[in-house]
Amino acid sequence: MLFSSIPFLYYFLPAVLLVYFLVPCRLRNAVLLLSSLIFYGWGEPKYVVLMVATIAAFYLCGLAIDRAKSQRVKKVWLTVAVVVGIVLLTVFKYADFFLQSFAAVTGLSLPLLKLALPIGISFYTFQCLSYAVDVYRGNAAAQKDPIAFGAYVALFPQLIAGPIVRYVDIARELENRTLTLDDAMAGVRRFLVGLGKKVLLANQLGLLTEVFRDSSEKSILFHWMYAVAFMLHIYFDFSGYSDMAIGLGRVFGFHFIENFNYPYLSKSITEFWRRWHMSLGSWFRDYVYIPMGGNRVSRGRWVFNILVVWMLTGLWHGASWNFVLWGLLFALMLLLEKWIPALQKLPELLRRGYVLLIVMLSFVLFNAADLHQAAGDVAGLFGGYPLLNRESVYYLRSYAVVFIVSIVGATPLVKTVASRIPKKAAAVLEPMVLIALLLTCTAYLVDGSFNPFLYFRF
């Protein structure tokens with residue numbers, strides 16, 4: 001079930017909210033758990049069993065780690081938890097990739113598992129792993145209530161595509177959360193802004209990328225339009241979902257961490273990854289990079305740590321070599337920024353420009369079906385086609401307004417202007433704007449407009 005869908009907006013969510021606010025506080029986690037399992041099972045009922053089994057396994061591992069008398073026994077149970085998480089991801093996400101790669105190297109013909117990818121498995125598995133590690137480190141006490149733990153893992157606002165919420169960040173709110181009108185209104189506002197970003201911007205830009213793929217009359221201009229459109233599409237698609245998740249969390253009394261902070265304004269690749277998918281970056285930093293030694297090791301080991309972390313970051317996004325290379329490309333850029341301090345002394349405009357170019361090229365690689373298509377897409381940006389043609393000019397004119405609004409929307413300009421509106425005027429205008437936004441999005445959805453969600457793949 002998509003957040004940006006009529007069934008969710010007008011049937012599922014109102015029903016859940018009604019029940020949630022009518023039941024006693026002690027039953028609210030149960031309502032969240034049950035509704036989250038229904039939400040998850042809406043698209044693939046058979047994998048609800050996998051979700052429940054994952055919850056049970058990590059709940060028991062957490063208790064075992066917490067109750068163990070010696071550090072050695074704690075480590076044994078942590079190892080069990082980590083193995084469970086890795087096996088889940090390997091079997092359901094990476095098995096066929098590894099088998100295909102092995103077959104390509106050896107020439108052997110191996111049967112593939114051909115298992116459907118459970119939606120959101122990368123997100124909820126990482127949440128479970130961080131929970132087990134934090135209990136082992138003593139950063140959190142094991143959750144004794146299986147309902148509360150299940151609600152944490154399956155919590156539908158962030159179940160499908162994050163942000164990756166750590167148990168330590170919402171442990172208190174799982175036990176006792178205060179629901180206020182201000183929080184609810186802030187949550188509704190955030191949700192509707194995210195819905196607008198998804199439906200009115202991301203979906204339109206995504207449609208243009210599909211048009212490009214289907215076109216038989218490509219040009220250099222069309223390749224650049226595609227690259228910029230996808231770069232904006234993935235930002236508004238993913239940040240829009242994060243906004244909706246954070247907004248829903250506020251409505252239910254949770255305060256999730258931020259996931260994006262205007263990443264396209266970055267002046268370095270290092271800064272970009274402090275602003276983009278921040279919950280993933282901090283997860284790899286705290287649970288992989290630092291335990292490996294971080295940068296407090298020899299130069300060679302530090303380079304190794306960087307390469308491993310970014311290879312895993314690429315693999316986290318998908319079981320394909322283009323994702324591995326995508327991650328390693330960022331590893332290379334991060335290393336170059338460390339090794340060549342002069343890059344940070346370039347004029348600000350040049351620094352912003354090179355970041356946007358690298359990120360754009362990386363997303364061209366990211367969105368390719370395979371390395372051959374990626375090479376063709378990148379090559380098309382620099383030649384091999386007419387500079388422009390009738391089709392590319394037509395789509396440039398058709399999407400000019402969407403491009404302009406999206407580029408402006410990727411900056412804090414709209415937020416800055418809105419913050420300067422007098423409070424009395426804002427109190428009148430804001431509800432009108434939000435209602436108009438909801439109605440406009442609803443009209444697009446009723447019309448059956450293009451409405452996929454990219455990060456369901458992960």
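**View 1. Phe-238 sits in helix H10.** This is a predicted model. Phe-238 has a relative accessible area of 0%, so the residue counts as buried. Pro-146 is 92 residues away from Phe-238 in sequence. In space, the two C-alpha atoms are 30 Å apart.

**View 2. A salt bridge joins Arg-250 and Asp-183.** The closest N and O atoms of Arg-250 and Asp-183 are 2.8 Å apart. Arg-250 belongs to helix H10 and Asp-183 to helix H9, so the pair ties together parts that are 67 residues apart in sequence. The two partners differ in cover. Asp-183 is buried, at 13% relative accessibility. Arg-250 is partly exposed, at 25%. By the rule used here, the count for the model is 12 salt bridges. Side chains of opposite charge can pair when their charged atoms come close.

**View 3. Arg-189 pairs with Glu-430 in a salt bridge.** Their closest N and O atoms are 2.8 Å apart. Helix H9 holds Arg-189 and helix H19 holds Glu-430, so this pair ties together parts 241 residues apart in sequence. Arg-189 is partly exposed, with a relative accessible area of 33%. Glu-430 is also partly exposed, at 31%.

**View 4. Asp-377 forms a salt bridge with Arg-213.** The closest N and O atoms of this pair are 2.6 Å apart. The bridge links distant parts of the chain. Asp-377 lies in helix H16 (residues 371-380), and Arg-213 lies in helix H9, 164 residues apart. Asp-377 has 6% relative accessibility and counts as buried, because the cut-off for buried is under 20%. Arg-213, at 24%, counts as partly exposed. Elsewhere, salt bridges with shared partners join Arg-190, Lys-197, Asp-243 and Glu-258 into one network.

**View 5. The largest pocket holds about 1500 Å³ of space.** Its lining is made of 38 residues. Closest to the pocket centre are Val-193, Tyr-262, Val-414, Lys-415 and Ala-418. H9 gives the most, with eight residues. By type, the lining divides into 20 nonpolar, nine polar and nine charged residues. Rolling a probe the size of a water molecule over the atoms shows where empty space is left.

**View 6. Five residues make a nonpolar surface patch.** They are Val-83, Val-87, Val-91, Leu-113 and Leu-115. The patch covers about 370 Å². Leu-113 lies in the loop between helix H4 (71-106) and helix H5 (121-137). Leu-113 is partly exposed, at 45% relative accessibility.

**View 7. Lys-114 has a positive phi.** The angle is near 55°, in a residue other than glycine. Lys-114 is found in the loop between H4 and H5. Its relative accessible area is 68%, so Lys-114 is exposed.

**View 8. His-277 also has a positive phi.** Here the angle is near 45°, again in a residue other than glycine. His-277 lies in the loop between helix H11 (269-275) and helix H12 (278-289). At 0% relative accessibility, His-277 is buried.

Note on methods:
Residues are numbered from 1 along each chain as its sequence is written. This is a predicted model: local features need pLDDT of at least 70, side-chain atom pairs count only at pLDDT 80 or more; totals for chains, interfaces and linings use all residues. Side-chain values use heavy atoms; hydrogens and water are left out. On a 1 Å grid over the protein atoms alone, a cavity is a set of points where a 1.4 Å probe fits but cannot get out, and a pocket is an open set with protein on both sides within 12 Å along at least five of seven lines; lining residues have an atom within 4 Å of a point. Grid points are joined across faces, edges and corners, and a volume is the space filled by probe spheres set on the points. Helices (H or I, at least four residues) and strands (E, at least two) are DSSP runs, numbered from the N terminus. Ala, Val, Leu, Ile, Met, Phe, Trp, Tyr, Cys and Pro count as nonpolar, Asp, Glu, Lys and Arg as charged, and the others, Gly among them, as polar. Patches are made of residues with over 30% relative accessible area and no salt bridge: like charges are joined within 9 Å, nonpolar side chains (Val, Leu, Ile, Met, Phe, Trp, Tyr) within 5 Å. Accessible areas come from the Shrake-Rupley method with a 1.4 Å probe; for residues, only the protein chains shown count as cover. A salt bridge is a side-chain nitrogen of Lys or Arg within 4 Å of a carboxyl oxygen of Asp or Glu. Buried means under 20% relative accessible area, exposed over 50%, partly exposed in between (1.4 Å probe, protein chains only).
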